[in-house]
Amino acid sequence: MPLLEIQNLQVHFPVNQGVFAQKRGSVRAVEDVSFTLEPGEALGLVGESGCGKTTLGRAILRLIEPTAGRIVFNGEDITQLPANSLRARRREFQMIFQDPYSSLDPRMTLGDAIGEALDIHRLVPSVPARTVRISQLLQSVGLEPAHARRYPHEFSGGQRQRVGIARALAVEPKLIVCDEPVSALDVSIQAQVINLLQDLQRERGLAYLFISHDLAVVEHLCRRVLVMYLGRVVEAGETREICRAPHHPYTQALLSAVPGVDCDLKRRRIVLKGDVPSPIHPPDGCPFHPRCPIAEARCRTERPERVETSPGRWTACHLVGRQ
Amino acid sequence: MPLLEIRGLQVDFGSTRVVDGVSLTVEEGETVCLVGESGCGKSVTALSIARLLGTPPARYAGGEILLQGRDVLRMSSVELRNMRGGVVSYVFQEPGASLNPVMRIGAQIREMLTVHRPTWANENEIIRLLKLVGIPAPESRIRDYPHQLSGGMQQRAMIAMALASEPRLLVADEPTTALDVTIQAQIIELLRELQQQLGMAILLITHNLGIVGDIADRVAVMYAGQIVEEAPADTLLDQPLHPYTQALIRSVPHIGRERQRLESIPGAVPAPGSWPTGCRFEPRCPIAHTECASNSPNLAAAKPDRRVRCPFWE
């Protein structure tokens, strides 16, 4: 049984304008997304800003309410679960945020930030047990037990991100949604956090939904990946396969845009024209057609269906297999 | 004579030294990348070229910055005004924060033209510049306010402004960091094309080693206020000599490489003011010798065309 099953998830935000704030349309942040995540698996979710990847990550944890679709966690449909039962379930799924400077309360010591999660879920019977547990958690992410009494401003970005990870681990979740956890960090610190996430996954059998704009990081951490564009998943499959031979023209462009350190590995660069269209007025047909270098007439009118090219690998493009 | 020659530049903020003896040259028409992590002093070095730092808090404690042979640090205010924008133009990281939000794009470019090339301060020239940087339908864009453009388009408008005065040197401080990968590729491509067309020199400040291989002729790597290695771009990436550069390259995941464990650099970048006394990389260095903790190495020539601040590079 998969740990997480997402069926046709949709998130629309109303756009209100005018004197009486009438609804004038909606931002279609996530459209018809389906996938499954196995226990202990790291699944990547890549895309550029505004493609809906963060909204999707938050909707899965019901931090944003989805407008349609189903979220099945561990065999249980949590889409309509009332708030109090949802809170108990949240022990099983946690989140790590992008910016370690804004995701920690500056007035709470690290010990209290981590301890809060323990208190809410009543996981420790006594104050000494709480202290011991906090020390263990700090050590498991490479910090010192003595740090529990210090405040976030005393720590660097990489150390703060470790605290964010310790806080997520406190309730022993099965799934952690990592929303760009290394993007705000310096290059030499990124590697430390990536290695830590990898170690924790192996030791504890954690499942990750790893949201990132950086395909290289995702390829390093995740066996499978979903590529999102304008609210839709356009390609999915094994990360290594997709990086070796991307099918969707968007994935091809995304991959060729990654600046490569290896000079000899450099591929023919595909530079896309224009910008991502507005999700308030997404284009008809294929969402990528206005920027697609190989778009045909029917791409402008017909929305492409998923085409499975090999088991577990599919692409939403009319022209796949014909290039 | 090189276009830009920085000799032993030292910059202090209060009593804290932030840039400590940086020497760097940029020839006419050359692209040089200055690479480093946050707090290494790369942006302060870049801003010093046109003396853009506020004094105080900053203080130029030593060295000289020769721009076309004349020392920027000793220029009068009139000379400075002609040099800024005239010889050197800047493109900054966040186009949204650098453009004036209450002025139309066309008017902002016209301002540059009025100051530096008054006879060309007309609409045709503005449209030509917007076309040059690849902004579609420039005739109507000229009346847009910055918020009506996307991040990539705003950065193009910034570049058009920087080019309006026909500078000899374009200093781009993290020009693509705030942008998405596909847009980043567009801007790097644009800078490369513009350089071929206009023959200006580019000094690109970045933390992303990946960009280096795509655009740079030469690279200087900075760490804790000093340049630790300088080399032609392709040789630096293939064969880094300084342990910091080596570690930096190995700590970034690469597409298509086996999923081995990343080599991380232990510890964190030391903040200005708490730099180690000997070699500044010594506490994090995998090959540190005992004497490294007390002897601070010089940036010495190693192989033709290369300089490295480590006596154990072989």
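Modeller: A residue is called buried if 20 or more other C-beta atoms lie within 10 Å of its own, exposed if 12 or fewer, and partly exposed in between, with C-beta atoms placed from the backbone. This is a predicted model, where local features need pLDDT of at least 70 and side-chain atom pairs count only at pLDDT 80 or more, while totals for chains, interfaces and linings use all residues. Residues are numbered from 1 along each chain as its sequence is written, and chains are lettered from A and ligands numbered from 1 in the order in which they are written.

Colleague: OK, which class does Gln139(A) fall into?

Modeller: Gln139(A) sits in helix H4 (residues 127-140) of chain A; helices are DSSP runs (H or I, at least four residues), numbered from the N terminus. Around Gln139(A) there are 13 other C-beta atoms within 10 Å, so its class is partly exposed.

Colleague: And how many of the 8 residues of helix H1 of chain A are buried?

Modeller: H1(A) covers residues 53-60 and is largely enclosed by the rest of the structure. Its buried residues include Lys53(A), Leu56(A), Arg58(A) and Ile60(A). The count of buried residues in H1(A) is therefore 8 of the 8.

Colleague: How do H5(A) and H6(A) lie relative to each other?

Modeller: Helix H5 (residues 157-169) and helix H6 (residues 187-204) of chain A pack at about 15 degrees, with axes 10 Å apart. Axes are lines fitted to C-alpha atoms, for helices over the stretch in contact, and angles run from 0 to 180 degrees between N-to-C directions. Angles under 35 degrees count as roughly parallel, over 145 as roughly antiparallel, 65 to 115 as roughly perpendicular and the rest as oblique. H5(A) and H6(A) are therefore roughly parallel.

Colleague: Last one: where does the largest share of the side of chain B that touches chain A come from?

Modeller: 37 residues of chain B are in contact (C-beta atoms, placed from the backbone, within 7 Å) with 34 residues of chain A. Helices H8 (181-198), H9 (209-215), H10 (233-238) and H11 (243-250) of chain B each supply at least two residues of that side. The largest share, 6 residues, comes from H8(B).

Terms used:
Two residues are in contact if their C-beta atoms, placed from the backbone, lie within 7 Å.
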